[in-house]
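These are my notebook entries from going through one structure. I wrote down what I looked up and what I found.

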Amino acid sequence: MKKTDILHEGKAKVIYATDSPKHVILAFKDDASAYFGIKKSSIQNKGILSNKISEIIFTHLAKNGVKTHFIQRLNDREQLCLRTTPLPLEFIVRNVIAGSLSRRLDIKEGTVPQNTIFEICLKNDLLRDPMINRTHVTAIGITNDETLDKIKEIIQQVNAIMVPFFKSANINLIDFKLEFGVDAQGEILLIDEISPETARLWECDSQKILDSDLFRRDLGNVEESYTDILNRLQTNI
Ligand code: C5P
């Protein structure tokens, strides 16, 4: 399959159309950005490591019955995926309070909530991805309640699969972001990536930060940590 036009260039990836209308190619870049582009850099091999980590996670989810866009990794930086119409939404799952929620509610990072927290954000850089709720989503015509119910079901399934998967690599899945798209048959598929770029991952006992917060907060070597995550997940499968 050959790459044709660029469909979308994001902060961390380029999505190419291909000579097949049903497929896209995702290309993972080394560009790193945080705080809506205020902090920018390039991290050696980040794209390669995120591509491989996301491959392992999407493959594990598919094995456990989650429908995703992922087909196969093509090379170090690229993966072949099914083409969908992406919903302009980000779904965040929080098993432990951290990051923006910790700041917004002034709750100590690491606090375990009494239930899993689900958030929806509108994907819009200019508006800084504002948090919205289901009635906003349906009111502005992004999708309907039935689709949101189905997505919630998939999100809970993904969380139930990912928590033990990371735990067996001695990693605590603190929070993560998911995106969904609708394929030509109207099926909802999990799209985008799941990697330390989109999930907070802390080592179980030491609470050592292993994810992109290393870059965001200047806490340590990102390439080394992502390599460590990849090695742990590879020995885990
Ligand atoms: O920044 P915040 O605490 O809201 O992020 C929650 C989780 O969602 C983190 O794991 C973060 O990496 C992920 N996220 C993301 N892309 C965004 C916003 C958050 O991957 N645009």
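**Ground rules**

I noted that this is a predicted model, in which local features need pLDDT of at least 70 and side-chain atom pairs count only at pLDDT 80 or more, while totals for chains, interfaces and linings use all residues. Residues are numbered from 1 along each chain as its sequence is written, and side-chain values use heavy atoms, with hydrogens and water left out.

**Core**

I looked up the largest nonpolar core and found 47 residues in it. A nonpolar core is a set of buried Ala, Val, Leu, Ile, Met, Phe, Trp, Tyr and Cys residues joined through side-chain atoms within 4.5 Å. Buried means under 20% relative accessible area, exposed means over 50%, and partly exposed is in between (1.4 Å probe, protein chains only). The members that touch the most other members are Ile57, Leu61, Val158, Met162, Phe180, Leu190 and Leu233. Helix H4 (residues 145-167) gives the largest share of this core, 9 residues. Helices (H or I, at least four residues) and strands (E, at least two) are DSSP runs, numbered from the N terminus.

I then asked which residues Val158 touches. Not counting residues up to four places away in sequence, they are Leu61, Val66, Phe176, Leu178 and Leu190; contact means heavy atoms within 4.5 Å. I also found a second, separate core of 5 residues, with Val14, Tyr16, Ile25 and Leu80 among them.

I checked the span of H4. Its 23 residues reach 33 Å from the first C-alpha to the last, close to the 33 Å expected at 1.5 Å a residue. The expected span is 1.5 Å times one less than the number of residues. The buried residues of H4 include Leu148, Ile151, Ile155, Val158, Ile161, Met162 and Phe165. An α-helix has 3.6 residues a turn, so residues three or four places apart point the same way.

H1 has 18 residues and reaches 26 Å, close to the 26 Å expected. Among its buried residues are Lys46, Ser50, Ile53, Ile57, Phe58 and Leu61. Just after H1, I found Gly65 with a positive phi of about 95°.

**Ligand**

How many residues surround the ligand? I found 15, and the closest are Arg94, Ser100, Asp175, Arg200 and Arg216. A residue counts as near if one of its heavy atoms lies within 4 Å of the molecule. Strand E9 (89-94), helix H2 (99-105), strand E12 (171-182) and strand E14 (199-203) each supply at least two residues of this shell.

I then listed polar contacts, which are pairs of N or O atoms within 3.5 Å; within protein, one must be able to donate a hydrogen and the other to accept it, and residues adjacent in sequence count only if both atoms are side-chain atoms. A polar side-chain atom of Glu90 lies 2.9 Å from a nitrogen atom of the ligand. For oxygen atoms of the ligand, I noted a polar side-chain atom of Arg94 at 2.8 Å and one of Ser100 at 2.5 Å. Taken alone, the ligand exposes 450 Å², and the protein buries 81% of that. Accessible areas come from the Shrake-Rupley method with a 1.4 Å probe; for residues, only the protein chains shown count as cover.

**Single residues**

Gly99 is in helix H2. Is Gly99 buried or exposed? Gly99 counts as buried because its relative accessibility is 1%. Leaving aside neighbours within four places in sequence, I found Gly99 in contact with Glu109, Arg200 and Arg217.

Thr68 is in the loop between H1 (46-63) and strand E6 (70-73). Thr68 is buried, with a relative accessible area of 11%. A polar atom of its side chain lies 3.1 Å from the backbone nitrogen of Phe70. Not counting residues up to four places away, Thr68 touches Phe58, Leu82, Leu189 and Leu190.

Last, I looked up phi values. Most residues other than glycine have a negative phi. Phe36 has a positive phi near 55° and is in the loop between strand E4 (31-34) and strand E5 (39-42). Asn45 has a positive phi of about 70° and lies in the loop between E5 and H1. I noted Phe36 as partly exposed at 39% relative accessible area, and Asn45 as partly exposed at 24% relative accessibility.
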